[in-house]
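Welcome, and please open your viewer. This tour goes from one selection to the next and tells you what is there.

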Amino acid sequence: YNALLSGDELFVLDPSPSEELKEQAEIIASNEPFVRLQTSYERVYKTSKKQPIAPHALGSCDSAFEKALSGIQGVDKHSYRLYQGGFSLKESTDIAPIDGQDMTLTIDKTLQLKAQSLLKSAIDNAQCSAGSVCVVSCKTGEILTLASAPDFDLNKLSENYEKLSKDTSAPLFDRSLFGLYRPGSAMKTITALAALDTKAIDADTYLWCARWYPLGDTTFSCLYYHGYENVQTALRDSCNVFFYKCSQLMGIDTLSSYQLAMGLGKSVDIGIANASGRVVTKESIADLGIVWSEGLLLQSAIGQSETAVTPLQMAQWAQIIANKGSLKPLTIKLNETGRAQRIIKNDFAFEQIREGMIMAADNIWGEDSLYSLPEKTAIKTGTPEAGNGYNSTVIGFYPADDPEIAFSIVLENSENSKSLIR
């Protein structure tokens with residue numbers, strides 16, 4: 001009920017007031033100037049064993065789709081004229097409400113909770129300080145997981161907001177959609193694609209890695225001495241020098257055009273806000289006030305320098321590789337699958353990259369080994385510089401031969417992203 005008594009009029013959101021309400025109105029009429037009874041609504045978010053489910057993603061969807069979800073409130077207002085001993089209907093207004101739209105998200109509850117649990121465990125065990133896991137469908141483009149950690153409970157956001165907003169671990173920050181990271185060596189998959197597609201190299205091109213790579217007054221390096229590498233072994237061994245040389249065979253304009261084609265440098269069109277990031281070009285470097293040098297080309301080829309991508313962008317480019325150059329547009333709303341878009345047509349190039357990524361997955365040993373999985377996995381890891389330390393990244397798809405999912409993992413202040421794959 002929402003009752004308001006002013007003068008001799010009573011407004012009631014009930015066309016048939018009860019005897020009790022009539023009695024209350026008589027008392028109010030003789031003793032109080034007015035009374036207001038108001039109904040409020042509470043939005044409740046489901047949890048699983050007290051663990052929030054995709055709080056960042058749900059919060060973004062609530063904000064983006066609020067108008068469609070809320071509908072339009074109706075009006076059921078009746079004005080009564082009070083008389084001593086009773087009242088009669090004076091005026092009635094009845095406007096039917098319009099229901100809000102039902103919306104089902106593509107988030108897979110089981111996968112989402114698993115990803116959140118893995119991230120929480122990694123933080124609790126000091127394997128990282130924060131992170132993100134994104135999983136997308138290669139067949140439909142559905143976003144199955146958008147996990148960002150640390151996280152929070154949406155049901156308690158209002159009461160805990162001040163504390164959460166001051167938390168130095170930034171639990172309110174959605175790393176999957178807005179975290180901007182250097183991808184590190186995961187970028188070598190795009191550098192390989194660009195070099196193969198432009199015929200700067202082919203499958204039989206072998207380039208020498210002596211670990212050190214002098215350029216002008218600067219000497220760039222690789223983690224190890226590799227000797228001769230081709231594109232597949234260079235992806236397996238994550239050979240910096242191989243991709244340094246590939247980038248110089250193409251130049252920054254060509255390399256950046258392939259990074260842009262793979263969805264970097266622009267937000268992902270999924271109906272909710274997400275960061276666009278940055279691709280290294282001479283123009284973007286000038287905008288940052290940095291003087292261009294050839295070293296920036298080399299660093300861009302291996303995902304360093306001023307490159308900035310979101311975990312969602314990384315999962316999207318992994319999906320394009322998995323689909324051999326076709327993007328199944330990503331969506332977070334169920335039953336809104338778009339038509340596949342052919343980004344780059346070169347099955348041979350994508351096959352070379354896939355084989356190199358399978359070799360990289362097979363090259364993981366010990367407790368993080370992927371050999372126990374029923375199918376082959378294709379991955380590429382990275383350890384990009386971040387402040388005074390390193391982050392850890394990985395992109396991949398599974399199964400390698402007929403991919404169902406593509407994924408990205410980013411862990412801050414860590415070198416252990418591959419431990420979350422299995």
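Start with the open sheet of five strands, ordered 8-7-19-18-15 with antiparallel pairing. Strands here are DSSP runs of E with at least two residues, helices are runs of H or I with at least four, and both are numbered from the N terminus; two strands pair if DSSP finds at least two bridges between them. From one strand to the next, the twist averages 5°.

A word on the model: it is predicted, so local features need pLDDT of at least 70 and side-chain atom pairs pLDDT 80 or more, while totals for chains, interfaces and linings use all residues. Residues are numbered from 1 along each chain as its sequence is written, and side-chain values use heavy atoms, leaving out hydrogens and water.

Next, select residues 392-398 and 405-412: strands 18 and 19 pair in the antiparallel sense over seven bridges. Look for Thr393, which stands opposite Val410 in strand 19.

Contact means heavy atoms within 4.5 Å.

Finally, move to helix 7 (188-197) and helix 9 (240-250). Which residues meet here? Lys188, Thr191, Ala192, Ala194 and Ala195 in helix 7 meet Asn240, Phe243, Cys246 and Met250 in helix 9. Six of the contact residues are nonpolar (Ala, Val, Leu, Ile, Met, Phe, Trp, Tyr, Cys or Pro), one is charged (Asp, Glu, Lys or Arg) and two are polar (the others, Gly among them).

How values were computed: Axes are lines fitted to C-alpha atoms, for helices over the stretch in contact, and angles run from 0 to 180 degrees between N-to-C directions.
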